[in-house]
Protein chains: 2
Amino acid sequence: MNAALAELKRRLAEVHDLQQVTLAMEWDQLVMMPHGGAEVRAEQLATMNGLAHERFTDPEVGRLLEELRPFEESLDPDSDDASLVRVARRDWEKASRVPTELTAEITRVASGAQEVWAEARARSDYALFRPWLDRNLELRHRYIDCFDPEAEVYDILLDDYEPGMKTAEVRAVFDRIKPELIALAAEVASPDEPAFMRGPFPEAEQERLSRYVVEHFGANWNNFRLDRTVHPFCSSFATTDIRMTTRYSETDLHSLFGSMHECGHGLYEHGVDPALERTPLCSGVSSGLHESQSRLWENLVGRSAPFWRWLYPTFEAAFPAVMTDVTADDLYRAVNRVEPSFIRVDSDEVTYGLHVIVRFELEQELIAGTVTTADLPEAWNARYADYLGVEVPNDQVGVLQDIHWSFNGFGYFPTYQLGNVISVQIWEKLVEAVPDVDAQIEAGEFAELGAWLRSNVYALGRRFTPQETIERVTGSALDAEPYLRYLQTKYGAGVAA
Amino acid sequence: MNAALAELKRRLAEVHDLQQVTLAMEWDQLVMMPHGGAEVRAEQLATMNGLAHERFTDPEVGRLLEELRPFEESLDPDSDDASLVRVARRDWEKASRVPTELTAEITRVASGAQEVWAEARARSDYALFRPWLDRNLELRHRYIDCFDPEAEVYDILLDDYEPGMKTAEVRAVFDRIKPELIALAAEVASPDEPAFMRGPFPEAEQERLSRYVVEHFGANWNNFRLDRTVHPFCSSFATTDIRMTTRYSETDLHSLFGSMHECGHGLYEHGVDPALERTPLCSGVSSGLHESQSRLWENLVGRSAPFWRWLYPTFEAAFPAVMTDVTADDLYRAVNRVEPSFIRVDSDEVTYGLHVIVRFELEQELIAGTVTTADLPEAWNARYADYLGVEVPNDQVGVLQDIHWSFNGFGYFPTYQLGNVISVQIWEKLVEAVPDVDAQIEAGEFAELGAWLRSNVYALGRRFTPQETIERVTGSALDAEPYLRYLQTKYGAGVAA
C-alpha cells in the first residue's frame, strides 16, 4: 500500500511541477517576454498543458487511486494522505472525461479569441468578436457533454471554479443580495469625485507606496515579487515564490488597490501548509475563496477607516502637492465613494456585486440559449439600465469590457461576488478572535491578522471543498447576511470614519 | 515514410519545447526569482530535465530514426530533413547511452557543489570544495564509461561542447598559440591603468550606453531583453525570444563589454533560420562557435579603433566628468591594455588564451589522474607562474575562480579559446566580403556586417558539425594563424589607433 501511495505521490508531484512551470511561463509571457516570442511561446504552452494532461490522466494514476481506496478509507478523512487521494481522485475523474483534443481545441480557439477580443474592444466592434464567442460557446457545450447531467447545465461550468458549488446556491445568495444593492446604491451614490483623487500621483512614489503597504501585509521579498503589467494578476509557482503584478496611472490610485488585492491572493498561496508543496493540494481551494482573500485585504483592510488613519502620513508625504488640505477622513471617504458606472473593475464595493450578477444571469441564458450572441449587447445594456441605472454608451465599455468570455471562462464571474460574500463571513470570525483588529490596523500591525488567516484559512490549501472550508472557518454555510450587514453599516448612513 | 518523419518531428518538437521551457525557468531563477523559491525550483527543473530525457530517449524515437534511414539516404545531405534526422540520431545515440539516474545524480551533485563552491570561493577555502570536486570527477568518470573508448578519454568530454572535435586537434592549435601568447604578453604588457578607466561611471548611464550599442548591433526589443545578473549570460527560448544579461559596477566598464559579448551570443540564436524553430537544429552549433560570435562582437568589433571612433562622442556625453581631456585614441588604447593577471574573465585579448590553456591542460591531467585534487592548487599556481608570470596569492583568485568545475563542466573551457580562434577565421572571410567594414563600423553601421554573419553562420543552426560549419564559412579547417596574425597586427607594435 505504501508503495502505491509513494508512486501516486511521485506522479502527482511531476504533474504539479509541470503545471507550476506552465504558470511561470504564462507569467513570463505577460510580464517579461518580448512580444516577438508570442508565437513559439503558444506552442510551448500547448506542449506543457498537453503533457500535464496526458501524465495526469494516465490510466495508471486511475489504477493507483482505485488500489488506494481501502487505504484511504482506513484513514482519518482530515489527514493529508486521505485528502490527497480524495482530491486527486476527484480531479482525475474530471480530467479523464475530457478528451485531450477537446482541451487543446478549447485552448487554441481561446488564444485566437483573446486576440480578436482585444482588437474588437479597442474598436468597440462587437460584430468582430461575435463569431469567436459563438465558437467558444459551441466548444463549451462539447465540454459540458463530457459530463453526466447535473440539476442545471451551469453547474458543470461553475464546478471548474468553485468545486461542488451548485448554481441554485449561488442564485439564492445573489437573489438575496441584488435588491439590497440596487436600493443601497440608489441611496448613497455620490457623483462628485474630489479633485485630489485625480492626482497627479508620480509612478515612482506609487510603487514605493505599494511596496510599503504589501510589505506590512506580509509580502516579504524573499518570497514575493511585484512587477507591472497591463492587467494586474497574481501567480504562484511554489508557496515560496509568489508573483504579484499591478499597473500604474498617474491620475488614479489603481496601483495601490490593485497591489493590495493581488497581495491577498499572494498571501493565500504563500500561506498554504508547506507540507502540501508539490501536491495537488498545494493552492487556494477555489476562485471564490481566493477572491475572498484578495477582497479582504483590498477592501475590509485597505478601504477601512483605521487603515487610512495609519497610512495617511505616509500617503501625504508621498504626494505632498496633491494632499494640501486633505484630511485622513477626506481620503477615506474618497476611496469609498459609491457611483454606479459601466466598468466592473473600477466599481465601488456597493455596486460591484451588480456587475457580477448581470454576467452570472447572462451566462446562464447564453448557455441555455435563451439569449443568443446576437441579442447579447442589447440584453447587457438593458440589465445595466435596470440594475445600475446607467445607459451603456457603447460595447467597449459594455459587453466587450471583460476578457473572460474570450478565454472561454464561462462560470468564472460569479466567484468574484462569492469572494465578497465569503470575505465578510471570514472577517466576522476574525474579529471574534482578534477583537482589537481595528486598533492593530491603525497602528500598522498586520501580523496577528495575517497569522489568523494563515492558520485558519490559507494553511488548509485544497484539503477540503470550498463549502467544507467555509464551514470549518466560519461554522456556517455560504451566507449573504454578514456581507449585507457590512455594507449597511459602512455605507447605509453615508460613509463615516 | 512521411508519416514516420511527421511523427519524429512531432516528438522532437515536444522535447525541444521542454528543453526551451527549462532554459526559461533557469533564466527566471537567475534573473527574476525571489531567493526563497530555490528549493522548489530545483525540483521543478529536475522534473523537466528528467521528462525531456525520458521523452527523447524513448525507444520509439530510436525506431523512427532507424525506419527513416533509407529516406535520409535518399535526400541531399544538406537538406533540412536529412540534417534533422542525422543530428537527431547523433543526439539520440549519445543521450541513450547515459542512464536517467546518472544524469539526475550529476545534476543533483552539481547543484550542491555549486553552492559549496560559492561559499568556498568567498572564504578562499579550497579544502571545503575539494570533496565535491572529487564527487564530480567520480561522476564524470561514470559518464565516460557510458561511451565507447576514444583515442583520448578527454575526447568524450569535449564532444559535449564541441561535437566531433578531438582533443588532439585542440592541443595542436593550443600548442601553436601558447608560446606566441607568452612572448607577446611579455613584450606588450603595460601595468599602468589610466585613472579615467576607474570611473565613476553612473549605472543608469552605463545601462543606456549598453542598450544603445546592442541596438546598433541588431538586438531589437521586440525579440531581446537586457537584464542585470551577478554573472552575465545569454539564453534564448526561441529565435524570437532572446534574453541577455549583464552586470554593472560604477568603477569599470564590464557592463558594456559584457553586453556586447552576450549580444553576440544572442544575435547568433536570433539569426538561426526560422524554418528550424522547434527542432533540435534550432540553436548555435557548439560552444566554440557560439563563443566565436560573442568574442567577434565584443572584441573584433567592440575593441576596434573604428568602433571607438564611432562611440566616442556618445561615450563622452554619457560620462562627461570622467572624460575631460580623454581622446578617442586614449579610450581605444585603454580598453585594449594588456596586463597578465589572475582572473580569466577580466583578462585582455592577449593573455586570455593562456588562462584557458592552463585549464585545458589541468582538466586532462585531472581526468587522467596525473594531477589529483590534492595537488590541484599547487599545479594551478605553478602554471600561472610559468605561462602568465604571476604569483597567485590565494585560491579565491586562483583555482576557485571559475564556476565550471562545480557544475561538472569538464570539457567546456577549451571552447572559450576555440571561440577566439574561430572568430578571427570568420572575420577574415567577412572582410573579404565586406571590404569597407571598418568604415561602416566607424559610421555606426552594423547592418551589413550582421547580415553577412546571419546568412553565412547563424542561419545554419545545428545543421552541420562545428568542423563542417567552420569549413563552409571559411573554406578551411580550424586554424590558429588568422588569430595570431590579428594579435600581432593589433598588439605587436603596441596598440595603435
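This is a predicted model: local features need pLDDT of at least 70, side-chain atom pairs count only at pLDDT 80 or more; totals for chains, interfaces and linings use all residues.
Residues are numbered from 1 along each chain as its sequence is written, while chains are lettered from A and ligands numbered from 1 in the order in which they are written.

**Interface between the chains**

- 31 residues of chain A are in contact with 31 residues of chain B; contact means that the C-beta atoms of two residues, placed from the backbone, lie within 7 Å.
- On chain A, helix 1 (2-31), helix 2 (38-56), strand 1 (224-228) and strand 2 (234-238) each supply at least two residues of the side that touches chain B. Helices (H or I, at least four residues) and strands (E, at least two) are DSSP runs, numbered from the N terminus.
- Helix 1 of chain A gives the largest share of that side, 8 residues.
- By class, the side of chain A that touches chain B has 13 nonpolar, 9 polar and 9 charged residues. Here Ala, Val, Leu, Ile, Met, Phe, Trp, Tyr, Cys and Pro count as nonpolar, Asp, Glu, Lys and Arg as charged, and the others, Gly among them, as polar.

**Nonpolar core**

- The largest nonpolar core has 245 residues, of which Val21(A), Val421(A), Val21(B) and Val421(B) touch the most other members. Such a core is a set of buried Ala, Val, Leu, Ile, Met, Phe, Trp, Tyr and Cys residues joined through C-beta atoms within 7 Å.
- Domain 1 (2-151) and domain 2 (152-199 + 277-497) of chain A both give residues to this core, so it lies between them; the domain bounds come from an automatic or database domain assignment.
- Leaving aside neighbours within four places in sequence, Val421(A) is in contact with Val173(A), Leu478(A), Ala480(A) and Tyr483(A).

**Backbone exceptions**

- Most residues other than glycine have a negative phi, and most peptide bonds are trans.
- A cis peptide bond joins Gly199(A) and Pro200(A), with omega about 5°. Pro200(A) sits in the loop between helix 9 (167-188) and helix 10 (203-217) of chain A.
- In chain B, the bond from Gly199(B) to Pro200(B) is cis, with omega near 5°.
- Arg278(A), not a glycine, has a positive phi of about 65°. Arg278(A) lies in the loop between helix 11 (254-271) and helix 12 (287-301) of chain A and is buried, with 21 other C-beta atoms within 10 Å. A residue is buried if 20 or more other C-beta atoms lie within 10 Å of its own, exposed if 12 or fewer, and partly exposed in between, with C-beta atoms placed from the backbone.
- Asn408(B) has a positive phi of about 65°, in the loop between helix 16 (376-388) and helix 17 (413-433) of chain B. Asn408(B) is buried, with 23 other C-beta atoms within 10 Å.

**Surroundings of His261(B)**

- His261(B) is in helix 11 (residues 254-270) of chain B and counts as buried, with 25 C-beta neighbours inside 10 Å.
- Not counting residues up to four places away in sequence, His261(B) touches Ser294(B), Trp297(B) and Glu298(B).
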